[in-house]
Amino acid sequence: MHVRDELRKGLVIPAHPLALTENRKLDERHQRALTRYYLAAGAGGVAVGVHTTQFAIRNPKFNLLKPVLELASEEMEAHPAIKIAGVCGETREAAAEAEIAKSLGYDAVLLSLAALRQAPIHELINHSRAIASIIPVIGFYLQPAVGGRELPYEFWRQFADIPEVVAIKIAPFNRYQTIEVVRAILDSGRGHEIALYTGNDDNLVYDLLARFGFSGKHARIVGGLLGHWAVWTRSAVSLLARVKEQIESVSAEFFTIAHQTTDMNAALFDPQHQFRGCIPGINEVLRRQGLLAGRWCLDPHEDLSPGQSEEIDRVWRSYPHLRQADDDLVSNHLDEWLR
(Lines give C-alpha, C1' and ligand atoms only; values in the text may rest on other atoms or scores of the structure.)
Protein backbone atom coordinates (compact mmCIF):
# COMPACT_ATOMS: atom_id res chain seq x y z
CA MET A 1 0.00 0.00 0.00
CA HIS A 2 1.29 3.45 -0.91
CA VAL A 3 0.13 5.88 1.75
CA ARG A 4 0.15 8.87 -0.61
CA ASP A 5 -2.13 7.11 -3.10
CA GLU A 6 -4.51 5.98 -0.37
CA LEU A 7 -4.79 9.46 1.11
CA ARG A 8 -5.44 10.98 -2.30
CA LYS A 9 -8.56 8.80 -2.60
CA GLY A 10 -10.22 10.74 0.20
CA LEU A 11 -10.81 8.88 3.45
CA VAL A 12 -12.71 9.08 6.70
CA ILE A 13 -10.03 9.05 9.40
CA PRO A 14 -11.26 9.21 13.01
CA ALA A 15 -8.99 10.76 15.63
CA HIS A 16 -8.88 7.88 18.11
CA PRO A 17 -9.92 8.63 21.72
CA LEU A 18 -8.38 7.12 24.84
CA ALA A 19 -10.32 4.51 26.83
CA LEU A 20 -9.76 4.70 30.58
CA THR A 21 -11.03 2.91 33.63
CA GLU A 22 -12.61 4.81 36.51
CA ASN A 23 -9.15 4.84 38.11
CA ARG A 24 -7.79 6.52 34.98
CA LYS A 25 -5.77 3.54 33.88
CA LEU A 26 -5.70 2.32 30.28
CA ASP A 27 -8.82 0.27 29.54
CA GLU A 28 -7.40 -2.13 26.96
CA ARG A 29 -10.72 -3.88 26.35
CA HIS A 30 -12.58 -0.73 25.36
CA GLN A 31 -9.54 0.69 23.57
CA ARG A 32 -9.51 -2.32 21.27
CA ALA A 33 -13.30 -2.16 20.87
CA LEU A 34 -13.04 1.43 19.65
CA THR A 35 -10.53 0.51 16.95
CA ARG A 36 -12.71 -2.42 15.92
CA TYR A 37 -15.69 -0.10 15.66
CA TYR A 38 -13.85 2.33 13.38
CA LEU A 39 -12.74 -0.45 11.07
CA ALA A 40 -16.22 -2.00 10.98
CA ALA A 41 -17.71 1.43 10.26
CA GLY A 42 -15.60 1.69 7.10
CA ALA A 43 -12.94 4.18 8.19
CA GLY A 44 -10.10 4.39 5.68
CA GLY A 45 -7.58 5.05 8.42
CA VAL A 46 -7.22 5.76 12.12
CA ALA A 47 -5.13 8.48 13.77
CA VAL A 48 -3.76 7.56 17.21
CA GLY A 49 -1.79 9.61 19.73
CA VAL A 50 -3.37 12.84 18.51
CA HIS A 51 -5.24 15.59 20.38
CA THR A 52 -8.36 13.45 20.81
CA THR A 53 -6.22 10.66 22.31
CA GLN A 54 -5.02 13.25 24.88
CA PHE A 55 -1.51 14.65 24.55
CA ALA A 56 -0.93 13.77 28.23
CA ILE A 57 -0.36 10.12 27.28
CA ARG A 58 3.25 11.24 26.72
CA ASN A 59 3.66 12.36 30.33
CA PRO A 60 6.11 9.99 32.11
CA LYS A 61 3.52 9.79 34.88
CA PHE A 62 1.26 7.86 32.47
CA ASN A 63 3.71 6.58 29.81
CA LEU A 64 0.89 5.49 27.52
CA LEU A 65 2.01 6.59 24.06
CA LYS A 66 3.63 3.33 22.96
CA PRO A 67 1.02 1.02 24.57
CA VAL A 68 -1.83 2.91 22.90
CA LEU A 69 -0.08 2.90 19.51
CA GLU A 70 0.61 -0.82 19.90
CA LEU A 71 -3.03 -1.69 20.63
CA ALA A 72 -4.31 0.11 17.55
CA SER A 73 -1.57 -1.33 15.36
CA GLU A 74 -2.40 -4.87 16.49
CA GLU A 75 -6.10 -4.43 15.74
CA MET A 76 -5.35 -2.97 12.30
CA GLU A 77 -2.71 -5.53 11.34
CA ALA A 78 -4.91 -7.49 8.92
CA HIS A 79 -6.89 -4.46 7.72
CA PRO A 80 -6.09 -2.22 4.73
CA ALA A 81 -6.82 1.02 6.62
CA ILE A 82 -3.83 3.33 6.98
CA LYS A 83 -2.22 3.83 10.37
CA ILE A 84 -1.36 7.37 11.42
CA ALA A 85 0.43 8.27 14.65
CA GLY A 86 0.46 11.69 16.24
CA VAL A 87 3.92 13.17 16.81
CA CYS A 88 4.68 16.27 18.86
CA GLY A 89 7.37 17.92 20.96
CA GLU A 90 10.69 19.48 20.05
CA THR A 91 12.82 17.76 17.45
CA ARG A 92 14.49 15.14 19.65
CA GLU A 93 11.19 14.06 21.24
CA ALA A 94 9.28 14.19 17.96
CA ALA A 95 11.95 12.13 16.20
CA ALA A 96 11.81 9.51 18.96
CA GLU A 97 8.03 9.31 18.61
CA ALA A 98 8.36 9.00 14.82
CA GLU A 99 10.78 6.11 15.28
CA ILE A 100 8.31 4.36 17.61
CA ALA A 101 5.53 4.80 15.06
CA LYS A 102 7.73 3.45 12.27
CA SER A 103 8.77 0.44 14.36
CA LEU A 104 5.10 -0.39 15.00
CA GLY A 105 4.22 -0.33 11.32
CA TYR A 106 2.54 3.06 11.07
CA ASP A 107 2.26 4.51 7.58
CA ALA A 108 2.63 8.22 8.41
CA VAL A 109 2.70 10.68 11.29
CA LEU A 110 0.54 13.70 11.96
CA LEU A 111 3.07 16.35 12.94
CA SER A 112 2.02 18.87 15.57
CA LEU A 113 4.15 22.01 15.87
CA ALA A 114 2.52 23.23 19.07
CA ALA A 115 5.69 22.73 21.12
CA LEU A 116 7.57 25.16 18.85
CA ARG A 117 5.37 28.12 19.55
CA GLN A 118 8.08 30.77 19.27
CA ALA A 119 10.26 29.15 16.61
CA PRO A 120 10.81 31.07 13.35
CA ILE A 121 9.67 29.54 10.09
CA HIS A 122 13.08 28.20 9.08
CA GLU A 123 13.31 26.24 12.34
CA LEU A 124 9.83 24.80 11.81
CA ILE A 125 10.84 23.67 8.32
CA ASN A 126 14.08 22.10 9.58
CA HIS A 127 12.12 20.32 12.30
CA SER A 128 9.60 19.04 9.75
CA ARG A 129 12.37 17.82 7.43
CA ALA A 130 13.98 15.91 10.30
CA ILE A 131 10.76 14.02 11.02
CA ALA A 132 10.04 13.48 7.32
CA SER A 133 13.44 11.78 6.97
CA ILE A 134 12.10 9.06 9.29
CA ILE A 135 8.53 8.50 8.10
CA PRO A 136 6.03 10.18 5.74
CA VAL A 137 4.50 13.29 7.26
CA ILE A 138 1.01 14.77 7.36
CA GLY A 139 1.12 18.47 8.17
CA PHE A 140 -1.18 19.73 10.90
CA TYR A 141 -2.63 23.21 11.33
CA LEU A 142 -3.97 22.90 14.88
CA GLN A 143 -6.21 25.72 15.99
CA PRO A 144 -4.62 28.02 18.60
CA ALA A 145 -7.62 27.63 20.96
CA VAL A 146 -6.52 24.07 21.79
CA GLY A 147 -2.77 24.61 21.80
CA GLY A 148 -1.77 25.24 18.20
CA ARG A 149 0.01 28.27 16.73
CA GLU A 150 -0.58 30.45 13.71
CA LEU A 151 1.23 29.15 10.64
CA PRO A 152 1.35 31.66 7.79
CA TYR A 153 1.30 31.14 4.03
CA GLU A 154 5.10 31.31 3.92
CA PHE A 155 5.40 28.29 6.20
CA TRP A 156 2.99 26.14 4.19
CA ARG A 157 4.59 27.14 0.91
CA GLN A 158 8.00 25.92 2.15
CA PHE A 159 6.49 22.89 3.92
CA ALA A 160 5.01 21.75 0.60
CA ASP A 161 8.52 21.44 -0.84
CA ILE A 162 9.41 18.62 1.58
CA PRO A 163 9.16 15.51 -0.65
CA GLU A 164 7.92 13.21 2.12
CA VAL A 165 4.88 15.36 2.91
CA VAL A 166 1.89 13.25 1.84
CA ALA A 167 -1.05 15.26 3.19
CA ILE A 168 -2.10 18.21 5.33
CA LYS A 169 -4.80 18.29 7.97
CA ILE A 170 -6.21 21.82 7.89
CA ALA A 171 -7.73 22.55 11.30
CA PRO A 172 -7.37 26.22 12.24
CA PHE A 173 -11.18 26.65 12.52
CA ASN A 174 -10.67 29.81 10.48
CA ARG A 175 -11.67 30.44 6.84
CA TYR A 176 -8.84 32.86 6.10
CA GLN A 177 -6.17 30.47 7.36
CA THR A 178 -7.76 27.49 5.62
CA ILE A 179 -7.59 29.35 2.31
CA GLU A 180 -3.94 30.27 2.93
CA VAL A 181 -2.99 26.60 3.26
CA VAL A 182 -4.78 25.58 0.06
CA ARG A 183 -3.31 28.51 -1.86
CA ALA A 184 0.21 27.65 -0.66
CA ILE A 185 -0.12 24.04 -1.79
CA LEU A 186 -1.43 25.05 -5.20
CA ASP A 187 1.34 27.62 -5.60
CA SER A 188 3.92 24.95 -4.79
CA GLY A 189 2.87 22.91 -7.83
CA ARG A 190 2.30 19.85 -5.64
CA GLY A 191 -1.48 20.04 -5.45
CA HIS A 192 -1.70 16.75 -7.34
CA GLU A 193 0.56 15.00 -4.79
CA ILE A 194 -0.38 16.39 -1.37
CA ALA A 195 -3.83 15.33 -0.17
CA LEU A 196 -5.81 17.99 1.66
CA TYR A 197 -7.86 16.88 4.66
CA THR A 198 -10.25 18.88 6.75
CA GLY A 199 -9.78 19.06 10.48
CA ASN A 200 -12.20 21.97 10.69
CA ASP A 201 -14.79 20.08 12.72
CA ASP A 202 -16.93 23.23 12.82
CA ASN A 203 -17.14 23.43 9.01
CA LEU A 204 -16.30 19.96 7.78
CA VAL A 205 -19.12 19.43 5.26
CA TYR A 206 -18.51 22.81 3.61
CA ASP A 207 -14.82 21.92 3.33
CA LEU A 208 -15.69 18.68 1.55
CA LEU A 209 -18.07 20.45 -0.84
CA ALA A 210 -15.75 23.32 -1.72
CA ARG A 211 -13.77 23.63 -4.95
CA PHE A 212 -10.88 25.99 -4.32
CA GLY A 213 -9.42 27.95 -7.22
CA PHE A 214 -6.43 30.32 -7.25
CA SER A 215 -4.44 31.61 -10.24
CA GLY A 216 -6.07 29.12 -12.56
CA LYS A 217 -5.29 26.12 -10.33
CA HIS A 218 -7.91 24.14 -8.46
CA ALA A 219 -8.02 21.79 -5.49
CA ARG A 220 -10.48 19.99 -3.27
CA ILE A 221 -10.31 18.84 0.31
CA VAL A 222 -10.73 15.11 -0.28
CA GLY A 223 -11.39 13.71 3.19
CA GLY A 224 -11.27 14.37 6.88
CA LEU A 225 -9.08 13.53 9.86
CA LEU A 226 -11.35 14.60 12.64
CA GLY A 227 -12.20 14.34 16.29
CA HIS A 228 -15.82 14.76 15.25
CA TRP A 229 -15.55 11.56 13.19
CA ALA A 230 -14.47 9.66 16.31
CA VAL A 231 -18.23 9.35 16.86
CA TRP A 232 -20.95 8.40 14.38
CA THR A 233 -18.22 7.14 12.05
CA ARG A 234 -20.35 4.95 9.78
CA SER A 235 -22.56 7.98 9.09
CA ALA A 236 -19.43 9.95 8.21
CA VAL A 237 -18.34 7.24 5.76
CA SER A 238 -21.76 7.36 4.11
CA LEU A 239 -21.70 11.16 3.95
CA LEU A 240 -18.26 11.32 2.33
CA ALA A 241 -19.29 8.70 -0.24
CA ARG A 242 -22.38 10.74 -1.14
CA VAL A 243 -20.33 13.92 -1.48
CA LYS A 244 -17.94 12.16 -3.87
CA GLU A 245 -20.82 10.84 -5.97
CA GLN A 246 -22.59 14.18 -6.27
CA ILE A 247 -19.71 16.65 -6.08
CA GLU A 248 -20.35 18.10 -9.54
CA SER A 249 -24.06 18.69 -8.89
CA VAL A 250 -24.44 19.25 -5.17
CA SER A 251 -28.03 19.32 -3.94
CA ALA A 252 -29.34 21.80 -1.40
CA GLU A 253 -29.73 18.92 1.05
CA PHE A 254 -25.99 18.93 1.68
CA PHE A 255 -26.07 22.51 2.93
CA THR A 256 -28.75 21.56 5.44
CA ILE A 257 -26.63 18.61 6.56
CA ALA A 258 -23.63 20.95 6.81
CA HIS A 259 -25.40 23.17 9.35
CA GLN A 260 -26.76 20.17 11.25
CA THR A 261 -23.29 18.65 11.47
CA THR A 262 -21.86 21.90 12.80
CA ASP A 263 -24.65 22.08 15.36
CA MET A 264 -23.80 18.55 16.49
CA ASN A 265 -20.15 19.53 16.67
CA ALA A 266 -20.90 22.52 18.88
CA ALA A 267 -22.48 20.20 21.43
CA LEU A 268 -19.45 17.89 21.32
CA PHE A 269 -16.65 20.43 21.15
CA ASP A 270 -17.97 23.04 23.61
CA PRO A 271 -16.95 26.27 21.80
CA GLN A 272 -19.01 28.24 24.34
CA HIS A 273 -16.31 27.41 26.90
CA GLN A 274 -13.26 27.72 24.60
CA PHE A 275 -13.41 23.98 23.72
CA ARG A 276 -12.66 22.86 27.28
CA GLY A 277 -15.19 20.04 26.99
CA CYS A 278 -14.22 18.77 23.53
CA ILE A 279 -12.57 15.49 24.59
CA PRO A 280 -15.12 14.68 27.32
CA GLY A 281 -17.85 15.52 24.79
CA ILE A 282 -16.58 12.92 22.33
CA ASN A 283 -16.10 10.42 25.14
CA GLU A 284 -19.62 11.00 26.43
CA VAL A 285 -21.19 9.97 23.12
CA LEU A 286 -19.04 6.85 23.04
CA ARG A 287 -19.99 6.11 26.67
CA ARG A 288 -23.68 6.36 25.83
CA GLN A 289 -23.17 3.85 23.04
CA GLY A 290 -21.23 1.48 25.29
CA LEU A 291 -17.96 1.88 23.41
CA LEU A 292 -16.37 3.48 26.48
CA ALA A 293 -16.97 2.62 30.12
CA GLY A 294 -16.92 6.30 31.05
CA ARG A 295 -15.90 9.69 29.76
CA TRP A 296 -12.89 9.93 32.06
CA CYS A 297 -9.80 11.88 31.00
CA LEU A 298 -6.27 11.65 32.38
CA ASP A 299 -6.79 15.06 33.97
CA PRO A 300 -9.44 14.54 36.65
CA HIS A 301 -10.55 18.16 36.23
CA GLU A 302 -11.29 17.67 32.51
CA ASP A 303 -15.00 16.98 32.15
CA LEU A 304 -18.13 18.24 30.43
CA SER A 305 -18.83 21.95 30.79
CA PRO A 306 -22.02 23.22 32.43
CA GLY A 307 -24.95 22.55 30.10
CA GLN A 308 -22.91 20.41 27.69
CA SER A 309 -24.66 17.15 28.55
CA GLU A 310 -28.01 18.79 27.81
CA GLU A 311 -26.68 20.04 24.47
CA ILE A 312 -25.61 16.51 23.58
CA ASP A 313 -29.11 15.34 24.54
CA ARG A 314 -30.58 17.95 22.19
CA VAL A 315 -28.54 17.07 19.12
CA TRP A 316 -28.99 13.36 19.84
CA ARG A 317 -32.76 13.88 19.60
CA SER A 318 -32.62 16.34 16.71
CA TYR A 319 -30.51 14.46 14.16
CA PRO A 320 -31.24 10.71 14.27
CA HIS A 321 -30.48 10.50 10.54
CA LEU A 322 -26.85 11.45 11.28
CA ARG A 323 -26.31 8.78 13.95
CA GLN A 324 -28.81 5.93 13.55
CA ALA A 325 -26.58 3.81 11.32
CA ASP A 326 -23.90 3.91 14.00
CA ASP A 327 -26.28 3.18 16.84
CA ASP A 328 -27.45 0.10 14.94
CA LEU A 329 -23.90 -1.01 14.12
CA VAL A 330 -22.75 -0.68 17.72
CA SER A 331 -25.85 -2.36 19.09
CA ASN A 332 -25.35 -5.36 16.80
CA HIS A 333 -21.61 -5.81 17.35
CA LEU A 334 -20.60 -4.32 20.72
CA ASP A 335 -20.40 -7.64 22.56
CA GLU A 336 -18.22 -9.03 19.79
CA TRP A 337 -15.87 -6.04 19.86
CA LEU A 338 -15.53 -6.18 23.64
CA ARG A 339 -14.44 -9.82 23.70
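A nonpolar core is a set of buried Ala, Val, Leu, Ile, Met, Phe, Trp, Tyr and Cys residues joined through side-chain atoms within 4.5 Å. Buried means under 20% relative accessible area, with a 1.4 Å probe and protein chains only. The largest such core here has 129 residues.

This is a predicted model, where local features need pLDDT of at least 70, side-chain atom pairs count only at pLDDT 80 or more, and totals for chains, interfaces and linings use all residues. Residues are numbered from 1 along each chain as its sequence is written, and side-chain values use heavy atoms, without hydrogens and water.

**Core**
- Leu7, Ile13, Trp156, Phe159 and Ile168 have the most contacts inside the largest core.
- Helix H10 supplies the largest share of this core, 7 residues. Helices (H or I, at least four residues) and strands (E, at least two) are DSSP runs, numbered from the N terminus.
- Leu7 has contacts (heavy atoms within 4.5 Å) beyond its neighbours within four places in sequence, including Ile13, Ile82, Val166 and Val222.

**Largest cavity**
- The whole structure holds 3 cavities of 30 Å³ or more. A cavity is a set of points on a 1 Å grid over the protein atoms alone where a 1.4 Å probe fits but cannot get out; lining residues have an atom within 4 Å of a point.
- The largest cavity has a volume of about 170 Å³. A volume is the space filled by probe spheres set on the points, which are joined across faces, edges and corners.
- Of its 19 lining residues, His51, Leu142, Lys169, Asp201 and Phe269 are the closest to the centre.
- Strand S5 (137-142), strand S6 (165-171) and helix H11 (278-289) each give two or more residues to this lining. H11 gives the most, with 3 residues.

**Second largest cavity**
- The second largest cavity has a volume of about 100 Å³.
- Among the residues that line it are Trp229, Trp232, Met264 and Leu322.
- Helix H9 (233-246) and helix H10 (252-269) each give two or more residues to this lining. H9 gives the most, with 3 residues.

**Cysteines**
- The count of disulfides (pairs of cysteine sulfur atoms within 2.5 Å) comes to 0.
- Cys88 counts as buried at 12% relative accessibility.
- Cys297 is in no disulfide either, and its nearest cysteine sulfur, that of Cys278, is 8.7 Å away. Cys297 is buried, with a relative accessible area of 0%.

Definitions and conventions:
1 Å grid on protein atoms, 1.4 Å probe; cavity = no way out; pocket = protein on both sides within 12 Å on 5 of 7 lines; lining within 4 Å. Buried < 20%, exposed > 50% of the residue type's maximum accessible area, 1.4 Å probe, protein only.
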